[in-house]
Structures are given as C-alpha cells and as structure tokens.
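Please look over the sequence and the structure shown below before reading on. The paragraphs that follow lead from the overall plan of the chain to individual residues.

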Amino acid sequence: MAAAAACMCGKFSRVAASRGSMLTKAARVTVEHTRRRADGCWVRASVTSQQQQVRPFRPPLRAISTTPQKPHDQAVPVPTQAAWVDKAKGVLVSGTTAFAGLALFTLPAQLGAFPNQDIFMLVASFGSTACLVFGLPHMPASQPRNVFAGHVISATTGLSVFKTMALVGPELQWIGAPLATSLAIMCMQASNSMHPPAAGTSLLMITGSPYIQSLGWSFVATPIATGSLLLIGSGVVFNRHHSSVAMGTGECR
C-alpha cells in the first residue's frame with residue numbers, strides 16, 4: 001500500500017509539474033506577444049503539441065488596398081427621357097450660339113467690310129475660343145478676363161519674339177515658334193489668365209503671311225483685341241438668354 005501511494009504521488013507530481021510548465025509557456029507567449037505589439041511588430045503566437053511557434057502577422061491584400069470597392073448592390077443610374085431632352089437642348093443651344101457668334105465675323109467680310117483678306121478678323125484660334133465660350137461657359141478659361149487677356153498676351157508675346165528673331169541669323173529661326181508659345185503659356189500662368197486657345201495666337205505672327213507680319217503692333221489691336229471683345233460680348237449675350245450657365249459668373253442660374 002505504501003508503495004502504491006508513493007507511485008500515485010509521483011504521478012500526481014509529474015502531472016502538476018507538466019501543467020506548471022504549460023502555464024509557464026503560456027505566460028511566456030503572452031508576455032512575448034504583448035512586448036512585440038508594444039514595439040510595433042505584429043506577431044501571431046500559437047502552441048502546437050506543447051511547442052511555441054511565432055509567425056509574423058501579414059494583413060490580407062484587400063485590407064491594405066487603396067482602391068475603393070464598389071458596392072455590389074449599387075444600382076447604375078439609367079438616363080431618363082427628361083435627361084436626354086435636356087442634353088439635346090444643351091447641344092442645340094451650344095451649336096446655335098457658336099454659329100451666331102462666329103457669323104458676326106464672317107457676315108461683315110461677306111458684305112465687303114474687309115476688302116483685304118489678310119485683315120480678316122476671324123483667326124484660327126478664335127474657333128477654339130468659341131468652343132469654350134459657347135460650349136463650356138462655366139469653365140474658368142471661358143471667362144471674359146481669361147479670353148481677352150489670354151489672346152492679347154499671346155499676340156504681344158508672338159510679336160515680340162518675331163521682332164527678336166529678325167535680329168538673329170537664319171540658323172536660329174527654328175526656335176521662334178516654340179519660344180513664342182512657351183513664353184505665352186508662362187505669361188498667362190503668371191497673370192492668372194490661362195486661356196488654352198490663346199496659345200495658338202502666339203504663332204500667328206511667326207507663321208503668318210508677309211502682310212500680317214508687316215502690321216506690327218496694330219495686329220494686337222485688330223484683329224486680336226477687337227475679335228476677343230466681339231466673342232466675349234456675343235458669348236455674354238447669348239449665354240445669358242439661352243443657357244443655364246451665365247458666362248462671366250461661372251454659376252448656374
């Protein structure tokens with residue numbers, strides 16, 4: 001009996017010792033896990049067959065993705081008949097007002113107001129301006145200040161570069177056009193009067209006919225300044241009466 005009791009006590013002591021060692025391992029795992037989290041290193045601790053295994057924590061790819069996920073239950077809006085009608089009206093109004101605005105240039109020429117075609121007030125860059133003024137009147141580049149200042153600055157820059165290129169040899173004539181356009185863009189940005197179509201105005205004096213080049217500084221006044229004011233006036237009048245966006249305000253009425 002004494003031997004059996006001693007054997008049972010030995011078994012109980014070994015079981016207690018093993019349980020104590022497991023508790024110690026668990027406590028060590030907890031301490032290690034807490035310390036690593038405080039240091040900023042995320043780890044995942046697991047005990048398999050009384051053996052501690054520490055694996056680095058890697059978040060799933062979807063968790064670190066910055067691409068917004070589109071909800072699956074979000075319905076795609078279907079254009080209604082009223083939306084199609086409004087779009088058709090806007091397209092028709094833009095085309096009609098652009099036609100009327102540019103007709104103010106071509107009709108006087110047809111009636112003989114400009115006998116010399118080189119002084120014709122409708123330059124190529126005004127077509128792009130009409131697209132902004134009558135098609136996108138709410139854009140900052142379509143506002144009257146940007147239209148007028150952009151064209152006048154670009155014409156002045158192009159004329160200045162043209163007169164400067166006349167003083168250099170023919171081997172440097174190739175820098176005239178890129179220099180005029182780049183300087184016009186810089187001046188428009190510096191004066192907060194960016195008007196993209198006006199960049200083409202800076203090339204008119206460089207690539208124009210000899211008669212255009214002989215106009216000198218009067219080219220800035222006519223056709224550039226006068227034509228810009230004519231486009232601005234027609235845009236303000238037509239857009240206020242036929243568009244939901246008033247030119248010069250940038251706000252919907």
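Helices and strands are runs assigned by DSSP, a helix having at least four residues and a strand at least two, and they are numbered from the N terminus. Proline 223, for instance, has its place in helix 10. The model is a predicted one, and the protein chain in it has 10 helices and 2 strands. Read from the N terminus on, the order of the elements is α-β-β-α-α-α-α-α-α-α-α-α.

How much confidence does the predictor place in the protein chain? The mean pLDDT is 76, and 61% of the residues reach 70 or more. Over residues 19-34, however, the pLDDT is below 50, and this stretch has 6 contacts in the model beyond near neighbours in sequence. Residues 47-52 also stay under 50, with 7 contacts beyond four places in sequence. Where pLDDT is low, the predicted coordinates should not be read in detail.

Some totals describe the protein chain as a whole. Of its 253 residues, 27% are buried. The chain exposes about 16300 Å², and carbon and sulfur atoms supply 66% of that area. Among contacts between residues at least 6 apart in sequence, 62% join residues at least 24 apart.

The interior comes next. In soluble globular proteins, nonpolar side chains tend to be buried together. In this model the largest nonpolar core has 20 residues, and Phe134, Phe219 and Ile224 touch the most other members. Helix 3, helix 4, helix 5, helix 8 and helix 10 each supply at least two residues of this core. Which helix gives the largest share of the core? Helix 10 does, with 5 residues.

Isoleucine 224 shows what such contacts look like in detail. Leaving out residues up to four places away in sequence, isoleucine 224 touches Val123, Phe126, His151, Val152, Ala155, Thr201, Leu204 and Phe219. The backbone beside this residue also deserves attention: the peptide bond from threonine 222 to proline 223 is cis, with omega near 20 degrees.

Serine 125 lies in helix 4. Is serine 125 buried or exposed? Its relative accessible area is 6%, so serine 125 is buried, the cut-off for a buried residue being under 20%. Beyond four places in sequence, serine 125 touches His151, Pro197, Gly200 and Thr201.

The structure holds 1 aromatic pair. Phenylalanine 105 and phenylalanine 126 form this pair, which is tilted, with 5.9 Å from centre to centre and 50 degrees between the planes. The pair links distant parts of the chain, since phenylalanine 105 belongs to helix 3 and phenylalanine 126 to helix 4, 21 residues apart. Phenylalanine 105 and phenylalanine 126 are both buried.

With 22 residues, helix 5 reaches 32 Å from its first C-alpha to its last, close to the 32 Å expected.

Valine 161 is found in helix 5 and counts as buried because its relative accessibility is 5%. Valine 161 is in contact with Gly176, Leu179, Ala180, Leu183 and Ile206, its neighbours within four places in sequence being left aside. The C-alpha atoms of valine 161 and leucine 179 are separated by 7.3 Å, although these residues are 18 apart along the chain.

Isoleucine 206, one of the contacts of valine 161, has its place in helix 8. Beyond four places in sequence, isoleucine 206 touches Gly158, Val161, Phe162, Gly176, Ala177, Ala180 and Gln213. Isoleucine 206 and glycine 158 are 48 residues apart in sequence and 6.7 Å apart in space, C-alpha to C-alpha.

Asparagine 192 is found in the loop between helix 6 and helix 7. Its phi is near 55 degrees, a positive value in a residue other than glycine. Asparagine 192 counts as exposed because its relative accessibility is 62%, the cut-off for an exposed residue being over 50%.

Terms used. Residues are numbered from 1 along each chain as its sequence is written. This is a predicted model: local features need pLDDT of at least 70, side-chain atom pairs count only at pLDDT 80 or more; totals for chains, interfaces and linings use all residues. Side-chain values use heavy atoms; hydrogens and water are left out. The expected span of a helix is 1.5 Å times one less than its number of residues. Rings of Phe, Tyr and Trp (its six-membered ring) pair if their centres lie within 6.5 Å; planes under 30 degrees apart count as stacked, over 60 as edge-to-face and the rest as tilted. Buried means under 20% relative accessible area, exposed over 50%, partly exposed in between (1.4 Å probe, protein chains only). Contact means heavy atoms within 4.5 Å. Accessible areas come from the Shrake-Rupley method with a 1.4 Å probe; for residues, only the protein chains shown count as cover. pLDDT is the predictor's confidence in each residue, from 0 to 100. A nonpolar core is a set of buried Ala, Val, Leu, Ile, Met, Phe, Trp, Tyr and Cys residues joined through side-chain atoms within 4.5 Å.
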